[in-house]
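Try each one before you read its solution.

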Amino acid sequence: MENKDYKTIKRVRWTITRVLELLLVLAWIFPLVWMVITSLKLESEVVTREFTFLPSNPTLANYIKAFTSTYILKWLLNSLYISTFTMVLTIAVDAPIAYALAKIHFKGREVLFWLVMAGMMVPFQVLIVPLYQQFNSYGMINSLAAAALPRVALPIGIFILKQFFEGIPDALEEAAFIDGANRFTIFARIILPLGKAAITTVVILSFINAWNDFLWPLIIINDSVKYTITVGIANFQGTHGTQYSLIMAGAVVASLPQLIFFLIFRRKIIDGIAMTGIKG
Amino acid sequence: MGIPGNKDLRDGILFSLPFMIIFALFMIFPLVFGLIISFYKWDILSSPSFIGLKNYLDLFKDEKFYSSLWHTLEFVLITTPVLLFLGFVMALMVTGKSPLKGLMETVFFVPYIFSMTVVSTLWAWLMQKDFGFFNQVIKLCGGTGVSWLTSEKNAMWSVSLATFWWTAGFNMVLFTAGIKQISKEIYESAVVDGASYLQQVFHITIPLVSSTTVLCLILQVIASFNVFGQVYVMTGGGPAGSTRVLVQYIYEAGFKYFKMGYSAAMSYILFLIIMIISVLQYVLLGKKKD
């Protein structure tokens, strides 16, 4: 009898907890839902005191307007270009040094490692004035390469890769050495293939970082055709002031690539961030 | 490794070189160059002239610098504890026994992948005074609309609210990783001893994730000190400069008023503050753990 009561209480409590969790999930996702709902409404339905929840006449007019009367497609392509550029160069410079730090016992390795880690501490805004002057003197203001270059060396990427490479057994390398392989073959044939998981993580993180970058592209690019999507959307607010449904349509378009990226690589992205947290 | 004939030093340098070139060009050089600029009066029109410490001395007489510094501090003090708490509670939820934990992990994390500008424009719209969702709902319930972003009293809190939603998921991931490293047996034996859920949280989970907490704290304080985008997009630093943060002032001094030297000096002060606080946290919290 008592046992049965206990079970009922337990079941009720279980149900209430799940309902609360579900409500929290819905509340957390709601802003994103609202972004989509707003983007499907006519401007006249948005800027009115008569509040409607769902669009009474769902329309794609805002999306059409976003693509035809703004540079949004161009901005997306610019961001894609910058992020890809950053991603490729990041892995090209991070992987070799991470290998050196993990596996090659050379003099100065410790110092080098601390130098790289110290780089992680430098807040980017310390660099903006000198970097701007630097790129100005190269005649690279308004160039997409200038928007990407300072973001290339990702110290956190080195950290992740180094941790992973350290886990690859030395015996594999030693065997290859005995067979007459040199460092470069070992790196290309053993380390890179075995480090695929960590490399994917760094590739994804550097892509997302570059895609979301704001301050630097805001400074280095003044020409509105060359904006990245983040800067373009931020400027929407200024140029399209109260056209909220248009702004939200722009925000949806701007977020789609990331959302797709996230849905494909969800586990990799989350694990990548977790990896930076473990044993920091 | 003791392989005869291998050239460790040469290989070490060769493999490090590509990174070091980029690092030297876009980190070390501008870091030094910026420090030099900070001793110069440098605007767009005139050529730079050396003025020693004047930029730094001027800073300490600048109202705007103090108010920006204070707003930054305010943001750090508001967001750090809340984001640590939220991240931890979310991590508890997604590492528990709930059948919804996979869904919760995804949903809590998903705002983080959206870019800051999307998050900021979205929340500026939700908080819009006349037609925004929050005020429409408040009015439907018979209340009067809140000036989320247009009153000096609320603006910083509103920006913080958007930030909670945007970045709590990041801390959740770090805490989740920490919690997953705790061995199940500890909990099992606690359950055998009759420990309640809250007792387990307070006596097992919290003490055993303390290194994650320290890491989160340090990362969070640094991130919050560097706040810029949310404020810039949501309030533009207003109303009446009440949300202008240090990074925004650095940006404006350099690229709106073209006082490059002054801007550089200010960025070094911010750098110094962040460094001191990070080192302090590291030393104090690191010691406590031993």
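**Exercise 1.** How much of residues 12–40 of chain B is helix, and how far apart are the end C-alpha atoms?

*Solution.* Start with the secondary structure: the span is 90% helix and 3% strand, with helices being DSSP runs of H or I of at least four residues and strands runs of E of at least two, numbered from the N terminus. Next, the ends: their C-alpha atoms are 39 Å apart. Now try residues 200–223 of chain B: here you get 96% helix, 0% strand and 31 Å between the end C-alpha atoms. Finally, check the record: UniProt, in an unreviewed entry, lists both spans among the "transmembrane region" features of chain B (positions follow the numbering used here, feature names are shortened, and annotations may be inferred rather than shown by experiment).

A word on ground rules: this is a predicted model, where local features need pLDDT of at least 70, side-chain atom pairs count only at pLDDT 80 or more, and totals for chains, interfaces and linings use all residues. Residues are numbered from 1 along each chain as its sequence is written, while chains are lettered from A and ligands numbered from 1 in the order in which they are written.

**Exercise 2.** Why is chain A more spread out than a compact globule?

*Solution.* First, count elements: chain A has 14 helices and zero strands. Then compare sizes: its radius of gyration (over C-alpha atoms) is 25 Å, well over the 19 Å from the globule rule for 280 residues (2.2 Å times the number of residues to the power 0.38), so the chain is more spread out than a compact globule. Last, the C-alpha trace of chain A spans about 80 × 75 × 30 Å along its principal axes.
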